[in-house]
Amino acid sequence: EVQLVESGGGLVQAGGSLRLSCTTSGFTFEDYAIGWFRQAPGKEREIVAAISGNTGGNTYYADSVKGRFTISRDNAKNTVYLQMNSLKLEDTAVYYCAASSTRFWTIDLSKYNFWGKGTLVTVSS
């Protein structure tokens, strides 16, 4: 059974940091690109960051998070992380991780085969 489980969300003040984790099982982790997405109330789900499979040397960041968020992967632990610094009110959303068999990162949500259930991040003023 494929599973992706997000953790690390919570309430944080603006300017603070959080680290999200996406722990996976049930598929060959290193062969999959992993993406982090978010969905705020009343808005469409959007990609935040993505990392390619294998060594994860290729990454993508949405313009809104460049310089503040860092995605990384640990193939030995089947886990991807999203370090979020300098958080803003507009970062408030449910954050999801997803796996794509494309291996190289993609911003096309339809290419992601497996999804987690999400973790809530709330940034307060």
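**Disulfide, cores and ring pairs**

With 70° about the S-S bond, the link between Cys-22 and Cys-97 is right-handed. This geometry belongs to a predicted model, in which local features need pLDDT of at least 70 and side-chain atom pairs count only at pLDDT 80 or more, while totals for chains, interfaces and linings use all residues. Residues are numbered from 1 along each chain as its sequence is written, and side-chain values use heavy atoms, with hydrogens and water left out.

A search of the whole structure for disulfides (pairs of cysteine sulfur atoms within 2.5 Å) finds 1. The sulfurs of Cys-22 and Cys-97 are 2.1 Å apart. The link bridges distant parts of the chain, with Cys-22 in strand E3 (residues 18–25) and Cys-97 in strand E9 (residues 93–100), 75 residues apart. Strands, labelled E, are DSSP runs of at least two residues, numbered from the N terminus. Both cysteines, Cys-22 and Cys-97, are buried; here buried means under 20% relative accessible area, exposed means over 50%, and partly exposed lies in between (1.4 Å probe, protein chains only).

Next come the nonpolar cores, each a set of buried Ala, Val, Leu, Ile, Met, Phe, Trp, Tyr and Cys residues joined through side-chain atoms within 4.5 Å. The largest has 29 residues, and those with the most contacts inside it are Trp-36, Leu-82, Met-84 and Tyr-95. At least two residues of this core come from each of E3, E4, strand E5 (46–51), strand E7 (69–74), strand E8 (79–84), E9 and strand E11 (119–124). E9 gives the most, with 4 residues. Taking contact as heavy atoms within 4.5 Å, and leaving aside neighbours within four places in sequence, Leu-82 touches residues including Leu-18, Leu-20, Trp-36, Val-48, Phe-69, Ile-71 and Tyr-95. A second, separate core of 5 residues includes Phe-37, Ile-47, Ala-50 and Tyr-112.

Two of these residues lead on to the aromatic rings. Rings of Phe, Tyr and Trp (its six-membered ring) pair if their centres lie within 6.5 Å; planes under 30 degrees apart count as stacked, over 60 as edge-to-face and the rest as tilted. By this rule there are 9 aromatic pairs. One of them joins Phe-37 and Tyr-112 edge-to-face, at 4.9 Å centre to centre with 85° between the planes. Because Phe-37 lies in strand E4 (residues 33–39) and Tyr-112 in strand E10 (residues 112–115), the pair ties together parts that are 75 residues apart in sequence. Both Phe-37 and Tyr-112 are buried. Phe-37 also pairs with Trp-115, with centres 4.7 Å apart and planes at 45°, so this pair is tilted. It again connects E4 with E10, here across 78 residues of sequence. Phe-37 has 0% relative accessibility and so counts as buried, whereas Trp-115, at 28%, is partly exposed. Elsewhere, ring pairs link Phe-27, Phe-29, Tyr-32 and Phe-114 into a cluster.

Charges also sit over rings, a label used if NZ of Lys or CZ of Arg is within 6 Å of the ring centre and within 35 degrees of the ring normal. Arg-45 lies over the face of Trp-115, at 5.0 Å from the ring centre, and Arg-73 lies over the face of Phe-29, at 4.3 Å from the ring centre.

Ser-52 counts as buried at 4% relative accessibility. Beyond neighbours within four places in sequence, Ser-52 is in contact with Tyr-32, Ala-33, Asn-58, Arg-73, Arg-103, Phe-104 and Trp-105.
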